[in-house]
Every structure is written in structure tokens, then in C-alpha cells.
Number of protein chains: 2
Amino acid sequence: MQRTNFGDMACSIARTLDVIGEPWSPLILRDIWVGMSRFDQLQADLGISRKVLTERLNHLVEQGVIDRHPYDNRPRYEYRLTPKGTELVDLLMVMTAWGDKWLSGQAGPPVLYRHHACGEISHVDLRCAHCGEPMHAGDIDPLPGPGSAVA
Amino acid sequence: MQRTNFGDMACSIARTLDVIGEPWSPLILRDIWVGMSRFDQLQADLGISRKVLTERLNHLVEQGVIDRHPYDNRPRYEYRLTPKGTELVDLLMVMTAWGDKWLSGQAGPPVLYRHHACGEISHVDLRCAHCGEPMHAGDIDPLPGPGSAVA
């Protein structure tokens, strides 16, 4: 498959996506998160075809993670994260932490996060919502849930 | 694009991937995480073509997130998560939390996580690694990092 080499971008999210999946949708969410809200901004930043960007934006609107707000009379639209989409950015923050650690190399992280609450450069840590202790893959047992028989 | 309808699976990871990206690699990692280590197990569980599964496994081995261990004389291989791959499962746990909340509907979560440390059914919470307070998209300022000039 011919495509942009996401692994070469100075972005831990793009580098992580180069390892684990199709990158356009998360990169569109990243751009909207950092304030690029208009079609032409997104298209220029990502170097994506207008057709593919239109498809991805329509899909993300249908899924309720972004919505459209008209901004002039033609009409044109700005795209904004919904609450559902804003919570999806958690995933991007965890991608960043992993990509920073495993894919940044000598150059170091492309982006740093300053946490409002403490003012320090930091990164996300995964904790148990119940007890607050670390919670990672090796710390849990997966059990069948109420929705397990749906498929 | 014709493909499996991941949104219909009783799996919050598959449902999340149906929203944000190409799903095979994360689903392969999920299966290896829960103990399906052999090619035929993965192929049967995912219903993926042997060609695509071979490509994805080769890619994940090259990226250092899984490795191969021979298990008989033919040779055949088992696939296991490396430390780099095990940390990538954090991403799957966050996908699960989001999918459980936004995509489970009436049926409820397909899978529950029991945390070893406290013994309770729980989910991951994102905290600042520095101060321990909640850390989400709206709680940080992204700043240029040392690796920002690489691309």
C-alpha cells in the first residue's frame, strides 16, 4: 500500500499509528484538538486528498465524535470535538506517551505536555478508577461482561 | 471499502476501531494479550485472510511489539508480546474504557476488568505522572519538544 510515511513525522501519534493502524481519523482528531477546525486547514496540514478528508469527516460526524458549525454564508463549516470526541483524545494522549518512549529516539519527544493542575511537563499515567493504584495489561483479569453475548 | 463490520462485534476495542481506524493490528495484539499465540488461532478468531494476517504479523515483529518463538520442529511459531508490545496494550485498555462508555448501549460492556490490586471490577483512569491529578485533553498545554524539528 502506497501512503505517506507516518513513521517519519515528528509526532508520536503518527509514529504509533504507523505501527498499529490506519492513521487518518486519529490525526484528524489531533488537528481539531489543537485548533485546526476548518476543512482547508486540515487538508493542508495532513496533505490528504479532499475526497478522503471529506469521507473521514463525514464518518466522524456520523459517529458523533465531531460536529459541524457553519461559519459564513456559503455555508462553510468548522469542525469541533463533541464531548464523546473530546474523551477520545485520551487515546491520543496514551498514544503520545507510548510513542514518546518507544519511537522518539535520540531527538526526544516532538511535543511536551504541561499539566495545568501542577504546571509541570508530564505525561499520562494509567490508574485504577477504583483504588488509584497502577493498572496495566498485567494487572487485570478480563471477565465476560453483560454485553458479551451480543455478537 | 468492503470489510468486516467491527462495530457489530461484542468488543469495545473493535467498536472503537470501527470509529477511528484500521483495526487488524490492535485486534491481533488483543488476541495475543488474552493468550491466542498461534497463527491458526489468530486466523480462526479474527476471520482474517492468511495473507493479511501474515503481513500484519511480520509488520508487528519488525516493529518489535511481538516476537516469534518456535514450538515444534516444522517449525511453527508462537507470537508473544514484547515489553514494548505489552505497554502498547495500555492503548487497548483506554480504547475499552471509551468503547464501554460510548458504544455499549443497553447491553453493557462486553468485557469487565478485575484489578488484581484491589479485586474490584474497574477501568483505567488517566492521571498526571507528576502530581497524580486527572489529566485529560482539556487539562494540558502542548508545547514544542526537543524532537519537534525532526520532520
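Two strands pair if DSSP finds at least two bridges between them; helices (H or I, at least four residues) and strands (E, at least two) are DSSP runs, numbered from the N terminus. By that rule, β6(A) pairs with strand β3 (residues 111-115) of chain B in the antiparallel sense, over five bridges. The model is predicted, with pLDDT of at least 70 needed for local features and 80 or more for side-chain atom pairs, while totals for chains, interfaces and linings use all residues. Residues are numbered from 1 along each chain as its sequence is written, chains are lettered from A in the order in which they are written, and side-chain values use heavy atoms, without hydrogens and water.

**Extent of the interface**
- Contact (heavy atoms within 4.5 Å) links 76 residues of chain A with 76 residues of chain B.
- The two chains bury about 6,500 Å² between them, 67% of it on carbon and sulfur atoms; buried area is the accessible area (1.4 Å probe) lost on putting two parts together, summed over both.

- Four salt bridges (a side-chain nitrogen of Lys or Arg within 4 Å of a carboxyl oxygen of Asp or Glu) are counted between chain A and chain B.
- One of these joins the side chains of A:K101 and B:E87, at 2.8 Å from N to O.

**Elements on the chain A side**
- Elements giving two or more residues to the side of chain A that touches chain B include α1 (12-20), α2 (24-33), α5 (83-103) and β6 (140-144).
- α5(A) supplies the largest share, 15 residues.

**Strand pairing**
- Within chain B, β3(B) holds V111, which stands opposite A:P144.
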